[in-house]
Every structure is written in C-alpha cells, then in structure tokens.
Number of protein chains: 2
Amino acid sequence: MSEIVENPRRGIVAAVIGLGSMGLGMARSMKRAGLDVVGFDVASAAVDRFVADGGRGAATPAGAAENADVVVCVVVNGAQTEAVLFGADGVASAMKTGAVFISSATMDPSVARALSQRVAALDLHYLDAPISGGASKAASGELTIMASGSARAFDTARPALDAMAAKLYELGDAAGTGAAFKMINQLLAGVHIAAACEAMTFAAKQGLDLARVYEVITASAGNSWMFENRMPHVLAGDYAPLSAIEIFVKDLGIVQDMARSERYPVPLTAAALQMYLAASGAGMGRDDDSSLARLYAQLSGAELPGLIGERQSR
Amino acid sequence: MSEIVENPRRGIVAAVIGLGSMGLGMARSMKRAGLDVVGFDVASAAVDRFVADGGRGAATPAGAAENADVVVCVVVNGAQTEAVLFGADGVASAMKTGAVFISSATMDPSVARALSQRVAALDLHYLDAPISGGASKAASGELTIMASGSARAFDTARPALDAMAAKLYELGDAAGTGAAFKMINQLLAGVHIAAACEAMTFAAKQGLDLARVYEVITASAGNSWMFENRMPHVLAGDYAPLSAIEIFVKDLGIVQDMARSERYPVPLTAAALQMYLAASGAGMGRDDDSSLARLYAQLSGAELPGLIGERQSR
C-alpha cells in the first residue's frame, strides 16, 4: 500500500560552467534539490572545492556538458559565455540534442540574441537567464532570475530554475529580453550606489552623524535598496569586497555602449561610470563597490569611519 | 467624581505662514489637534480657503504672529523665509518674547544658521525643521520632520510638532543640522527620480513591457523609494504635478551651490540637475517631476504611454 514518491529531479544532469561565488552556490542548490551536478571552472581549485562538497568535477567545459540535460553558464560576460559555448573544448559541440543552455552572465541583449541563434542552429535550446541576488541568495537557492526563451527551453530548464530561484520572471520567448531587464536593473543599482556614496560622504564632509543619516534616510523618500544595503559598509569602514567596483565598471560600461548604439542619452549612468573608473584607477577595483565613498573622501578631504590612516598618508 | 481632562494644546496659538499644499495641511493638522491656528499667505485665496475650513486668517505675517506661541513658516526657500521674518510686516518684530519660529522651508544650512542667529538676538527661539512626506502626509499630520535647535525651542514647539509629524528626528541643538539632513535627502531623491526616468525610458526605447519592468525592478536591487513612487505616473502617462520639476531645479541647485562652496564634487547631482533644467527649459517646469521621462523620450524617440500626440507633433 505504500507509494514510492520519485523526486522528479533525480536523474536530471546539470552542468555548471563557472564555480565562482555565484556559480558554486547555484551548483550546490541544484545538488541539494536532487539533480546530478557536474562542475567546471578555469580555476581547478574551484572544481576541487565543489568535488570536496560531494559534487562531480570535469576537466573541460565539453566534459561537463556531454551528458547534461541543462548547462548553466555563470561566467563574467558575453565574451566568456561565447568562449564557453564555441571556444576550445566548448560545450556547444558536446551537448546532446534538445538540451538547454542557461546563460546567466550579464551581457548586452544583442550578444544574447546572437548567441541564442547560433545555439538554436545546433538543435539546442537557449535560455537568456541573468540572475540577481548576490552570493548568499545563490547559496540558498533563492535567486531572482529574469528569463526569456522558448517554451521548450523553459520546460527543459525548469528543474534547474526551480532549484536555483525564489523568483523566476518569465519575460517572453525572445532571447535578449532577460538580458535587457538585467541591464535596466544594473543601470539603477550602479547609479544608486554612486548616489549613496556621494550623499553619505557629503554628509561626512558637513560633519553630520553618519549613523543618524543612515537612520533618517532609510526612513525617508531618499532611500534606495542599495543605500540601505551598502551604506553599513561605509559606517563600519569595511570595504572587503562583497561585490567589487569592477563589476559596475563592466555593467555600466555595457549600459553606456548599448545606449550609445541606440542613440539614447544616459547622463546619470555616464557620471556614475566615471566614478567607478576613477575608483578603479585609484586602486580600488577589487574592493567593495561602496569604495566610491572612499573615492569621494579622497577627492574632498571628508573624514569617513576607518579611513584615518589613508587620510594621514595623503 | 468626574475628571475634567484638559487638552494640553488648547490655548496654544500657532501661526502658519504659507498655506500652500504643505502649509495648509499642517495648519489643518494643528487645528484638528486643538491648537488655535491663524494662517497667512501672499495669495488671499489661500487664506480664504483656510477660513472657510473654520480657521482664522490674518492680513499680514506680523498680524498672524503677534499673539502666537509658535510660528510655522512653510514657504519655498531661504530668501522667502528671511522676508517672512524680517521683511515688510515680518513676524520677527511682532512675535512675543520666548515664542518659537519653526522654519520648514528647504534651504542651505548656512542660511538656516544665519537666520537662527538673527532670531535668537531678538529673544525668540528658532527651530530648524525641514519636512518630508508630501501633501498627503501634511494633511494627515504624519510628516517626517528633521529638526535641530535648543531644548527650549523644542519644548515650546512640541505641541505643534506632535500635531504635524508622525516621525520627529531630533538632530541636536545647532540650527543648520536639520537643513543639512534635508539636503542629503533631496540629493538622493532628486538623483533617484532622474535615474528612474533614465532607466524606464531606456526600457521603453528597447521595447520592453514597462509594467513588467516596474514589477521586476521594485522586487530587485535596483529599486528606490522614488522609483516605486513616481514610475506609476509614467506607466499611466499622467504628469499632473504632485511635486514639480522646479522643486528639484531649486533643491539640487542648493546642493550644488553648497558642494561647490565646500569644494566637494557632486557629479551625480550635477548630471541630474542638468536634466531638471532641460525639462524646465523644454516647458515642463510646473509638471510632475517624473516628466524627466518625457524629456528622455523627446531626446531619444522612445515611446512612452500617453505621449502619442507629443511624438507626432515633434
């Protein structure tokens, strides 16, 4: 009389290409959900870390992809995604017919459209599926995924998406739409971090109590998700990277390039990008993106928590 | 055996100078709380409106202030506040010793400090008390007030503050601090509206479903209080002014002037201010501040809801 309840995800093979802070969390989330997960990363130490977890490792992208139903690609940008697909030992020629390539790197929508067409020509499915939420949400399987692609691509990808995401936005059947939504989010996120740092360091320059500024602003119309999330780093004087300056050098660069090619002016984005570039040029590229506050302090003599030494060494 | 419970606010006389959308709501809130409220505005129709409500009207600022314990000044800027205090029929020479002047206009902190000194020299109290929350919160007595001033100023002002505010931040005893907090909030609010309009119109330019963009962004890291509050105007194509473009021409102008005099760079504020100036120059100064979206559409050919006619007439 007992029933055997099959886990519908058992037997599904998922490859994860790119085992950084996001990819590793996504691989672990899928494994926890019962998928058979094989990982690859250009850094063999990252593969070793996943294998030590009980995951399977592969020596090449193609090796990871050859029996996979789902290939999740979590690399830095469109160029790396293209290399994963079509470069040496790329996954495209190794994937089995009908498998789905889930592209999660942030990229120009036109790049996503071009990759999608090349993938479709090989009788593979392509899901344009950028992610949002950071490493902690990746680890807990609670990402936000902004996805577009064919119904077949969604169907095949669903066990993997369900394992990785708390919120899945299905944004239509055209590759590029997911990427476009992600770029709109990145435009806002990047500008809001820069605005938060401009405002908070200006408050410091005026000698205001910064903890009080945080309290008042987070309860006022000037609040943003990024102000609330990033300014505690500035209050603590802790610029250990959770998300680095270079991410927004890249992402606002993509927004600016897209906008230029569409003859769309983005003065706020452009101003913010200049500040990320300056922070990177000043040596903070790998530090937390809230380091823009330190840049404003360097440019104005404002005093921020934890920066006494830097000021004295100016 | 019955007790007579005295309303502690009864008998307290409050003058309100400036009966615009904010001042009228504040006057009504104090009246509702039991204060004896007398109002003045340069527009006699505004006084008539308050009198029709059952309030008392005055013919001059001095006339409103002469028996007042509390004078609340809700005008546009520091120059108007100075005129209310020290201009023809100004309140300063009419106020009784020990009364408090509550200054709620948005202004440069250095102007607030100068006014405070001149008021204190007349044995009057000065409370630097900018407001946030908009007309609806003013009407319901639920404003946020960012206040600084002496303990005596706070004590005397308290019945009025309690009647007008849901949230009262007491930010120290120095005039100028309240104004500085307000300017930090305005910097962020003004930049966030511009960023929201830059992003939303860019989404329109790419042909994205704007209602979907609103749904995704308000649940993502790119969200801001202003994005969430203002973008419904853009989705509805309704630019009837709740808060006008000219408010941010003024407020970001103050931020830029403050920053310039302190040798503090504000590239985000400066970029946003240019867009507000352009919107005003293009004839939208008195329209809702979300009209920056229409400006971006004019500059790019993007199609926004409700703007078909404007596009065709370009």
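In this predicted model, a search of the whole structure over all chains finds 20 salt bridges. One of them joins A:Glu82 to A:Arg118, with the closest N and O atoms 2.8 Å apart. The two partners come from distant parts of the chain, since A:Glu82 belongs to helix H4 (residues 78–86) of chain A and A:Arg118 to helix H5 (residues 109–120) of chain A, 36 residues apart. Neither end is classed as buried, because A:Glu82 has a relative accessible area of 35% and counts as partly exposed, and A:Arg118, at 38%, is likewise partly exposed.

Chain B holds a salt bridge between B:Glu82 and B:Arg118, whose side chains meet at 2.8 Å, N to O. Here B:Glu82 sits in helix H4 of chain B and B:Arg118 in helix H5 (residues 109–120) of chain B, so that distant parts of the chain, 36 residues apart, are linked. The relative accessibility of B:Glu82 is 35%, which places this residue among the partly exposed ones, and B:Arg118, at 38%, counts as partly exposed too.

A further salt bridge in chain B pairs B:Lys96 with B:Asp69, the closest N and O atoms being 3.0 Å apart. In this case both residues lie in loops: B:Lys96 is found between helix H4 (78–86) and strand S5 (100–103) of chain B, and B:Asp69 between helix H3 (61–65) and strand S4 (70–73) of chain B, so the pair ties together parts that are 27 residues apart in sequence. B:Lys96 is partly exposed at 36% relative accessibility, and B:Asp69 is partly exposed at 21%.

How many salt bridges are counted between chain B and chain A? The count is 0, although the interface does have 16 residue pairs in polar contact, both residues being at pLDDT 80 or more. On the side of chain B that touches chain A, the elements that each supply at least two residues include strand S8 (143–147), strand S9 (165–170), helix H8 (177–205) and helix H12 (267–284). The most is given by H8(B), with 20 residues. By residue class, this side of chain B divides into 40 nonpolar, 12 polar and 9 charged residues.

The contact takes 61 residues from chain B and 61 residues from chain A. The area buried between the two chains is about 5200 Å², and carbon and sulfur atoms give 71% of that area. Within chain B, the residues that lose the most area to chain A are B:Phe202, B:Tyr264 and B:Leu268, together 15% of what that side buries.

In the largest nonpolar core, which has 118 residues, A:Leu268 and A:Tyr276 touch the most other members. Not counting residues up to four places away in sequence, A:Leu268 touches residues of both chains, among them A:Val191, B:Val191, B:Ala194, B:Leu268, B:Met275 and B:Tyr296. In soluble globular proteins, nonpolar side chains tend to be buried together.

A:Val255, in helix H11 (residues 245–261) of chain A, has a relative accessible area of 0% and is therefore classed as buried. Leaving aside neighbours within four places in sequence, A:Val255 is in contact with A:Met183, A:Leu187 and A:Thr269, and also with B:Phe202 from the other chain. The C-alpha atom of A:Val255 is separated by 34 Å from that of A:Glu66, which lies 189 residues apart from A:Val255 along the chain.

Methods. Residues are numbered from 1 along each chain as its sequence is written. Chains are lettered from A and ligands numbered from 1 in the order in which they are written. This is a predicted model: local features need pLDDT of at least 70, side-chain atom pairs count only at pLDDT 80 or more; totals for chains, interfaces and linings use all residues. Side-chain values use heavy atoms; hydrogens and water are left out. Contact means heavy atoms within 4.5 Å. Buried area is the accessible area (1.4 Å probe) that two parts lose on being put together, summed over both. A salt bridge is a side-chain nitrogen of Lys or Arg within 4 Å of a carboxyl oxygen of Asp or Glu. A polar contact is a pair of N or O atoms within 3.5 Å; within protein, one must be able to donate a hydrogen and the other to accept it, and residues adjacent in sequence count only if both atoms are side-chain atoms. Helices (H or I, at least four residues) and strands (E, at least two) are DSSP runs, numbered from the N terminus. Ala, Val, Leu, Ile, Met, Phe, Trp, Tyr, Cys and Pro count as nonpolar, Asp, Glu, Lys and Arg as charged, and the others, Gly among them, as polar. Buried means under 20% relative accessible area, exposed over 50%, partly exposed in between (1.4 Å probe, protein chains only). A nonpolar core is a set of buried Ala, Val, Leu, Ile, Met, Phe, Trp, Tyr and Cys residues joined through side-chain atoms within 4.5 Å.
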